[in-house]
Amino acid sequence: MFASSRPLSLLALLIAAALLPSLARAETRPNILLAIADDWSYGHAGAYDCPWVSTPAFDRVAREGLLFRNAFTPNAKCAPSRAIILTGRYSWQLEQAGNHMCYFPAKFGGYVERLAADGYFAGYTGKGWGPGVANDANGNPRAITGKAYSKKKAKPPTNRISNNDYAANFKTFLDDVPDQTPWVFWYGTTEPHRAYEYGSGVRSGKKLTDIKEVPDYWPDNETVRNDMLDYAVEVEHYDQHLGRIIEHLDAAGQLDNTLIVATSDHGMPFPRCKGQAYEDSNHIPLAIRWPSGIVSPGRTVDAMVDFTSLAPTFLKAAGVESPQPIMQTITGRDLFDLFQSDSPATGRDHVLVGKERHDIGRPENGGYPIRGIRKGDWLYLKNYQPDRWPAGNPETGYLNCDGGATKTDILQLRRDGTATTFWKLCFGKRPPEELYNVASDPDCINNLARSDDQQERLESLRDQMQTELREQGDPRQFGNGDVFERYEYTGASTDNFYDRFISGEKVRAGWVNPGDFEKDADLP
């Protein structure tokens, strides 16, 4: 009896010894939570001293981790911005995935898929990547942000907010994670994306006077301030669920072994913000908490970073040495230098921004291509097709600007002859080049591109931008930018919207209002 047990005991010891490294790795590899809002602008959080948006959960992540003051998305639209996060590559390096409403090429795998292949349990709730189609090489849907968790519902605080109980769905996911298994989760709200319940901000107890400053490119009136407060209610909804998710993690004893990134895909869904390339388009909130990975938590980081840094950061934290074969080569630089030292960062003094086709609404589905560089206090932009309308054609409702109270007000002010300045800033055509001193002109109103004393600066920024874009293989730098306009658009009901609408077909674009369509041709 004893003799027969010895080989069994030896076998058990050998198995245990073989499993020990993987078990230890499972215990030390952090869980990874991306908490991403939909259309939330930089500065609109308590941690950034905003008096009209309350974000205690985001503030906690910042207080117990890092608060970033210069974080940017390279492309201020949902699908391309999220593709950048997933792949660690710029949108102009992603072929079709550089566009909105696109077919995501199967060869561009994302960090969630890579971590899942390396033993992570993966899931998401709410809005993952999109809108668009992401299939594998065999035409099957990819689990690009993991398994969906969306069954739990709750009554929303307004009639325009989703009934997805994001936090409850995360709890279901957490309960499903196998023992000794690290996990990666994408918590993506559809808030504060439009539409809003008008007046919900005031009804929640906010006051129009809580807003200390309205951007100079919008009129400062009751309509706009109400619209901003309604947006604030939806930002707070994201934050409330983030707070509940943190509570679930704490109760499960997993909070301190979870790398939490709280952010937004791009700026707010208002004219001249989302879908453009100005400071309020690409500048996003960002806070990161990771007790075991961040030295001296509670710091504010002024270094310039962008979304290409997230994927390599997640892979490095998980101990994944190579993105291949699922992912392509990553362009971005991980954030570990900022995590592990409170010394001033080196090589983080600028970011690149740009866009191709977002929402349609121009002849032949044309986009509005831009490239830019934000360096120090300066923003330089190159508009490659200045003859086009930057927010989409007026006669088709400026489709690259979501419908809402502020947009309606600006359009009506022009039609009434009351004010045209706001319309020109938000919807008017633009010069080939733009240059702004963001420190003195954060709203990017005073274009210095033709200023004699700024020509040396403009040329330096342009040269640096073009050099880096060429190194990254940007097709537009080699005369092949029209490839982005030839890529197929996935929305059949609105495809070739402009041409169909002008020919008399009744085509509906649900993200703008019927009154957004201009009837006259007398535009400044």
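Visitor: Which residues in H7 meet which residues in H11?

Guide: Thr223, Val224 and Asp227 in H7 meet Ala405, Thr406 and Asp409 in H11. To meet is to be in contact, with heavy atoms within 4.5 Å. Helices are DSSP runs of H or I with at least four residues, strands are E runs of at least two, and both are numbered from the N terminus. This is a predicted model, where local features need pLDDT of at least 70, side-chain atom pairs count only at pLDDT 80 or more, and totals for chains, interfaces and linings use all residues. Residues are numbered from 1 along each chain as its sequence is written, and side-chain values use heavy atoms, without hydrogens and water.

Visitor: What makes H7 roughly antiparallel to H11?

Guide: H7 (residues 222-251) and H11 (residues 405-416) pack at about 160 degrees, with axes 8 Å apart. Axes are lines fitted to C-alpha atoms, for helices over the stretch in contact, and angles run from 0 to 180 degrees between N-to-C directions. Under 35 degrees counts as roughly parallel, over 145 as roughly antiparallel, 65 to 115 as roughly perpendicular, and the rest as oblique. So H7 is roughly antiparallel to H11.

Visitor: Why are H5 and H7 called roughly parallel?

Guide: The axes of H5 (residues 166-176) and H7 cross at roughly 25 degrees and come within 8 Å. That angle falls under the parallel limit, so H5 and H7 are roughly parallel to each other.

Visitor: What is the hand of the H5 and H7 crossing?

Guide: H5 passes H7 in a right-handed crossing. A crossing is right-handed if the near helix is turned clockwise from the far one by less than a right angle, and left-handed if anticlockwise. The crossing of H7 and H11 is left-handed.

Visitor: How many residues of each class are in the contact of H5 with H7?

Guide: That contact has 7 nonpolar, 3 polar and 2 charged residues. Ala, Val, Leu, Ile, Met, Phe, Trp, Tyr, Cys and Pro count as nonpolar, Asp, Glu, Lys and Arg as charged, and the others, Gly among them, as polar. Phe170 and Lys171 in H5 are among the residues that take part.
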